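User: I would like to go through the terms used for this structure and see what each one rests on.

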Amino acid sequence: MNYQPKRITLFAGHYGSGKTNIALNFAFWLKNLGKEVMIADLDIVNPYFRTADSADSLKEAGIRLISSAYAGTNVDFPALPGEMYAITEDKSSFAVMDIGGDDRGAYALGRYVDALNTENNYEMIFVINRFRPLTENASLTMEVLREIEDACGMKFTGIVNNSNLGDLTTAEDILNSLSYADEVASLSGLPILFTSVREDLFSEIAEKSGEEKLLPLKLQRKIVD
């Protein structure tokens with residue numbers, strides 16, 4: 001993938017858009033580029049997938065994980081650790097931020113907005129998935145985009161097309177989502193930074209679409225105690 005990352009990359013989107021899986025894959029991609037990387041989980045509402053579910057894989061890769069002490073538990077407690085400020089203070093490391101779903105989760109980002117704007121070396125990425133009920137067309141997707149922007153006080157700078165059905169995703173599903181992503185980009189005025197593609201479909205999508213901005217995606221698995 002030919003993409004020049006900013007020092008801080010934030011991923012936000014509607015519940016079920018797959019932003020956590022994208023954030024994780026992006027962090028591993030950065031690490032493979034030889035960067036020092038940290039990933040922060042701002043999802044304080046404890047949805048189904050958590051960055052902390054991949055804690056062992058992140059540690060093995062040498063990626064620092066910052067998340068609530070309650071991550072991966074059934075405790076729904078709105079707490080963020082103090083070390084979260086390392087994202088804006090430690091400029092020797094690239095940082096990936098997994099923002100909570102929808103406008104409710106985006107409120108947690110508010111305390112970091114001033115520092116992010118001061119450094120001005122970030123990408124705020126809107127993760128879209130046309131196969132989710134409330135983002136199934138461009139018009140509905142734009143409503144979610146504006147809600148998140150209003151909640152966190154920051155504007156998106158780019159889009160990631162993560163349209164998928166998990167293990168059931170076919171090459172045709174992804175190819176058919178490209179026009180939807182183009183429409184969202186046109187309505188928002190934002191560029192499509194890349195399209196995510198499950199690893200086993202990557203070669204087929206690259207050949208059929210001619211797209212160069214593709215991120216191979218390894219699906220995160222929920223840890224069940």
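Predicted model: local features only at pLDDT ≥ 70, side-chain atom pairs only at ≥ 80, totals over all residues.

User: Where is I174 found, and with which residues is I174 in contact beyond its neighbours in sequence?

Analyst: I174 is in helix α7, residues 171–188. Leaving aside neighbours within four places in sequence, its contacts are S163, T169, T195, S196, V197, L201 and I205. T195 is 21 residues from I174 in sequence, with 8.7 Å between their C-alpha atoms. T195 is also the bridge partner, in β7, of N161.

User: What makes α7 and α8 parallel, perpendicular or oblique to each other?

Analyst: Their axes come within 10 Å and cross at roughly 40 degrees. Angles under 35 degrees count as roughly parallel and 65 to 115 as roughly perpendicular; α7 and α8 are therefore oblique to each other. The crossing is right-handed. On the α7 side, A171, E172, I174, L175 and L178 make the contact, and on the α8 side E204, I205, K208 and S209. By class, this contact has five nonpolar, one polar and three charged residues.

User: How do you know that β6 and β7 are paired?

Analyst: Strands pair if there are at least two bridges between them; β6 (residues 158–161) and β7 (residues 192–198) have three, in the parallel sense.

User: What makes β3 and β8 edge strands?

Analyst: The open sheet has eight strands in the order β3-β2-β4-β1-β5-β6-β7-β8. β3 (64–66) and β8 (214–217) each pair on one side only.

Terms used: Residues numbered from 1 in each chain as written. Heavy atoms only, no water. Helix = DSSP H or I, 4+ residues; strand = E, 2+ residues; numbered from the N terminus. Contact = heavy atoms within 4.5 Å. Axes fitted to C-alpha atoms, helices over the stretch in contact; angles between N-to-C directions. Parallel < 35°, antiparallel > 145°, perpendicular 65-115°, else oblique. Left-handed = near helix turned anticlockwise from the far one by under 90°. Nonpolar A, V, L, I, M, F, W, Y, C, P; charged D, E, K, R; others polar.
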